[in-house]
Amino acid sequence: MTAPRDVQFIAPGNGAYRITVRGADPTSNATALSVAGEPVSLALTPGLYVAFVESLSSPGVTEREFRVDPGSQQSLELSLGGDPDQATGSNIARTRASAAPQVNLKDLREVLSHNLPGIGQNDPAAITRMLAKRADGSLASFVEAANSYLQSHTRTDPKPQAMKARAFSLGLSMNVSPDVRGGWRPAEIAVEQHEAAEGEVRLKLRSPNPRELSARRRLTVVVAGDLAWRTGLPLFPDGLWLTLRATSGPNGPDVVATRRPVNERTAVLVGALGRALPNEVTGILGAATGVGVDGIDSDGRNLNSKAMAALYDKGNDPWAAAAAALLLTRIGKSRNAIDWTMNLANRFEWLADASVAAAWAEVADPVGSPAEAEARSLKRLQTARGWGPPYFSASNALALQMLTSLALSASPEVRRGAKAEHGLWTRHGLRAIRGGAFLAWELPGNTLRKGKLPRATYNTIVVGEVCNAAVHAQVKTTSM
Amino acid sequence: MTLVFQRDPLEGPRVPAGPRTHAFVLGCGRFPTLGAAAERASTVAGARAIIRYLIEQRDSLVAPLGSIECLLSDPSVAPGQDVLGLGAFDRDPRVNDHVAAVVTPNVQSAGEAWLSRCEAGDHMFFYMSSHGIADQNVSAAGLFEDVLANRYKKWSASLNVNVLCTNLPVTQAAACWVFLDACQELIPALLGNNSGLAGVTLVDASPTELANVQVRSVGIAGSRYGEKAWAPNGPNPPYFTQALLRSFNSCVNFRADGQWVVTGDRLLFNIEKVADAAYGYAALKVDSLSPFATPPELVTVQTPLLPVVVRTKDLAHMAFLQKVTITNGQGPGIEGTPQLTDCFFEVPPSGQQYVATGVFTQQFNYQPAQFYAAPCAQIVQLCP
């Protein structure tokens, strides 16, 4: 038997990546986690392999074939290249609730009667049988096929409006008077345009004043003819990448806006909120705090004092700190950092995400009676909601989970309050757009459906058109 | 009778010792208060298919099968006449094939029996196929046969599956599996009610228990919030259940001991792809019932097979596709005959590179496409 060789994998970027290696000999298969650009080593016997690299920050996956040759015992370094965070497949497409598939059957019959072999123009029964067969298996796959067929084979375009380029805009606003309704005004922000792939637009957004963290800013995206959607804009100290890509939506060309912290360690934390497996979280926290594997206890389960000290030092980036607190909550370890989580929420009261983590910390190791702890937990969630929707999808999910549990409390007051609060939290949840670490939600009704944003409320930073393959945009850059 | 499989005696030690999987399976297709149009034979077929799978795999489950509690409401028979209908199998404690119906008292008693068997480290498996609703609290519930029977608590004959999914880990189970094949239709009457669903809750968990439990359920629904689930007319299981069972063979990871094993994370992220690659069910939309899951292992698979579907980029050209050949360079390759928009194959998860080549009845410039035989499914597109 040939001795295995150490193969060192250099990750494609500084994010967190799950690397799975598969070979013809299944006993050689292996998985490893690379965080923050740290190379990982696997011992592999000579042979042909494929490495699959999954990003923990996005749904992207890249694959690379490589060969381990017999011979020298030197380790083999293999750069995996092709960051899956940047792969086309990593686009976080939003799903619109109204996207019911439809097909014009009359057009379809006409087209099929001319083009499909074996079905003549005078054989409607055969077409009907075929339609029925497809509908019995999967109606929507049939509809998808039929629409594709129609678009490429007809003399009359069955859905011409779907192909037409659409106007879109992106605008920023901030709440200048949080206590009064209608306090949203145009928000200033530093916008830099960076080089991007063809058909894409890549911007770096930064706070104009790093000390002014608490002013709540939000990003609104409008595409003509579609529901506008909105997301909170976290002001990470190093900024936020905003990448715009074209996609094909149910109502025509659509814009996908991918957000990613510029700081890679923060990006790892934020990305891990939704996609990391619990057994990966400790390692990710160790790497994201900068202490690496040294920050993890020897049993591999908990962060040690060094890592906790690094977490305490995250006050200059409250969003990253909140993401760390939420990760601990996610894996049932908020008990390990109760004081820190409470302090974070108290110091950054305006950050709803920190309050959600604190709501879990309040009950993790309750001080006083359980009913008192539950009342404090509920209060944290009420405070959080008062500041508006959280920035992270995970916060929304954890808040709803805690409220569901509080609604079964032994205390009638907590029970009643939790049920009412649950209803208020779900208002945004009902319109939430799926996918991505950042919470986003559609606006109801006909608000802002013309692809433009009013000046009184929005600082429009991007205007343009989106067609099926590309985004064409003018960017209002501002350096500060 | 609700207990249809029992490995260990109700009292006394387990032989051999070790964790067990305890299953609770419900299939409800008979709804007297909703009328004949609401009857669904497929839901009962789904439950039967799941039970058949569990019994067949009873020793391959990572925690061997310990018990199955089962309730069926079959629209093809009168109330009180429901049978399991799977033939004879060992460790069946019943004296005949009768099973109890999916009505509120039975769900409560069978649910309590199911939970009472859980010891620390066991696996808990829940499956329900029925009509379903959702409330404004984003909770999904499966309906029982006696839904609407209580005119003052119309929807109380239901099980809040989200709450079950969230709270089940406080049983100290090492793994919790919750599958719901039902719609999540929004009911206007419920949307205006802040207290939400008043259905059956099998497990209560205090916030403190919840904050400290380190296991999270793998919970998957065959529909999305506010949307419908789909099933064929007739005796076949609903589409999600079909895809779930197929995924139990292909959503695998390779374990260090040389075994292929189905894992929670593979299931969470890949059932839709498996449904498309195995059956062409591109419409299937799956949702997680629990935002965060611990990725446990469910079952070891001796011979996993990945579904592969090959399609032309322009689906209309499938009409001119005569055959597709896939080959890994060893042997003659595998030929497949296209159906309308799909050409299906199955390959072992060897990680090997395959090449798919199409033969057309007319001149097209489609190039061969490469893919890797990597879990959980492959959707291959031939491009010009």
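Tutor: Some ground rules: residues are numbered from 1 along each chain as its sequence is written, and chains are lettered from A and ligands numbered from 1 in the order in which they are written. In this predicted model, local features need pLDDT of at least 70, side-chain atom pairs count only at pLDDT 80 or more, totals for chains, interfaces and linings use all residues, and side-chain values use heavy atoms, with hydrogens and water left out.

Student: What makes A:Val466 buried?

Tutor: Buried means under 20% relative accessible area, exposed over 50%, and partly exposed in between, with a 1.4 Å probe and protein chains only. A:Val466 has a relative accessible area of 0%, so A:Val466 is buried.

Student: And where is A:Val466?

Tutor: In strand E17 of chain A, residues 459-466. Helices (H or I, at least four residues) and strands (E, at least two) are DSSP runs, numbered from the N terminus. Chain A has 12 helices and 18 strands, and 54% of its 480 residues count as buried.

Student: Which residues is A:Val466 in contact with?

Tutor: Contact means heavy atoms within 4.5 Å. Leaving aside neighbours within four places in sequence, the partners of A:Val466 include A:Ala165, A:Phe168, A:Val255 and A:Val471.

Student: Why is A:Asp317 called buried?

Tutor: The relative accessible area of A:Asp317 is 7%, and the cut-off is under 20%, so A:Asp317 counts as buried. A:Asp317 sits in the loop between helix H6 (305-312) and helix H7 (318-330) of chain A. Beyond its neighbours within four places in sequence, A:Asp317 is in contact with A:Phe236, A:Pro237 and A:Thr266.

Student: How do you know that the span of helix H10 of chain A is close to what is expected?

Tutor: The expected span is 1.5 Å times one less than the number of residues. H10(A), residues 370-386, has 17 residues and reaches 24 Å from its first C-alpha to its last, close to the expected 24 Å.

Student: Which residues of H10(A) are buried?

Tutor: A:Ala373, A:Glu374, A:Ser377, A:Leu378, A:Arg380, A:Leu381 and A:Ala384. They cover an arc of only 150° around the axis, which puts them on the same side of H10(A); the arc is that of the directions from the helix axis to the C-beta atoms. The face turned away from that buried side carries the exposed residues A:Lys379 and A:Gly386.

Student: What makes a set of residues a nonpolar core?

Tutor: The members are buried Ala, Val, Leu, Ile, Met, Phe, Trp, Tyr and Cys residues joined through side-chain atoms within 4.5 Å. The largest one here has 98 residues, and A:Phe168, A:Leu170, A:Leu244, A:Trp319 and A:Leu381 touch the most other members. Apart from it lies another core, of 50 residues, among them B:Val25, B:Tyr53, B:Trp260 and B:Cys376.

Student: What makes strands E11 and E12 of chain B a pair?

Tutor: Two strands pair if DSSP finds at least two bridges between them. E11(B), residues 252-254, is joined to E12(B) by 3 bridges, so the two strands pair, and they run antiparallel.

Student: How many bridges join E12(B) to strand E14 of chain B?

Tutor: There are 4, so these strands pair too, running antiparallel. In E14(B), B:Thr300 is the bridge partner of B:Val261.
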